[in-house]
Amino acid sequence: MRSKKIVAFLVFVAFFGFFSFLIDNNVYADENEPLITTEQKNTIIDHCDTMKDSLKSLQRTDSRARVYLGRYYETILTNFITPLNLRLVENNISNSKLLDNQTNFVARRSSFVNDYILYQQALEELVNVNCKNEPERFYEKLLMARDRRKIVNKDVSKLRTLTDEQVKLVEELRNGIK
């Protein structure tokens with residue numbers, strides 16, 4: 001039971017940024033220093049199968065989340081942001097803040113798509129590493145996947161902020177038209 005808790009904790013830590021107990025400031029060490037300790041290496045080897053199962057589960061969950069978010073962002077853009085801005089232009093109503101928000105939303109949505117692809121590739125590389133035979137490489141790929149996931153999370157956060165900003169701008173526009 002204890003080993004399952006350790007593995008679950010390692011996977012959680014790896015993907016949510018609380019790496020201080022694993023890294024011990026050696027992540028960016030020079031080439032002559034080991035990336036991971038012997039204890040960490042042994043833990044990876046001993047719990048390889050469980051970690052792989054957890055990572056595959058994470059892959060499936062993230063894939064569903066990406067599809068959901070992609071559809072959500074596309075709906076916001078095609079059903080709300082773009083039609084409103086087109087209607088404003090057709091009615092000769094100028095609102096540069098709404099146009100800027102649309103431009104930023106389109107750019108960030110594109111970043112989300114590209115960054116998610118890079119994250120998914122990093123996660124796939126991680127899952128394909130034989131952690132029993134290559135624990136150091138597994139750990140390196142784990143760090144890369146975690147960093148890619150952080151970038152995707154920043155994209156999602158920024159898109160959420162832009163969506164909130166759109167709502168605020170539409171409310172201001174509505175109040176100004178009354």
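Modeller: What follows goes through the charged pairs, then turns to a serine in another helix. Keep in mind that this is a predicted model.

Start with the count. Searching the whole structure gives 10 salt bridges. Side chains of opposite charge can pair when their charged atoms come close.

Arg-146 has 8% relative accessibility, so it counts as buried. Asp-147 has 29%, so it counts as partly exposed. The limit behind the first label is 20%: buried means under that value.

Next comes helix H6, which spans residues 135-177. Glu-165 and Lys-168 form a salt bridge in which the closest N and O atoms are 3.7 Å apart. Both residues sit in helix H6, 3 residues apart, which means that about one helical turn separates them. How open are they? Glu-165 is partly exposed, at a relative accessible area of 28%. Lys-168 is also partly exposed, at 45% relative accessibility.

Another pair in helix H6 is Glu-171 with Arg-174. Their closest N and O atoms lie 3.5 Å apart, in a salt bridge. Here too the spacing is 3 residues, about one turn of the helix. Glu-171 has a relative accessible area of 34%, so it is partly exposed. Arg-174 has 44%, and it is partly exposed as well.

Now the serine. Ser-111 belongs to helix H5, residues 96-128. Its relative accessibility is 27%, so Ser-111 counts as partly exposed. Which residues does Ser-111 touch, leaving aside those up to four places away in sequence? They are Tyr-116 and Asp-155. Ser-111 and Val-156 are 45 residues apart along the chain, yet their C-alpha atoms are separated by 9.8 Å.

Glu-165 pairs with Lys-168, and Glu-171 pairs with Arg-174.

Terms used. Residues numbered from 1 in each chain as written. Predicted model: local features only at pLDDT ≥ 70, side-chain atom pairs only at ≥ 80, totals over all residues. Heavy atoms only, no water. Salt bridge = Lys/Arg side-chain N within 4 Å of Asp/Glu carboxyl O. Buried < 20%, exposed > 50% of the residue type's maximum accessible area, 1.4 Å probe, protein only. Helix = DSSP H or I, 4+ residues; strand = E, 2+ residues; numbered from the N terminus. Contact = heavy atoms within 4.5 Å.
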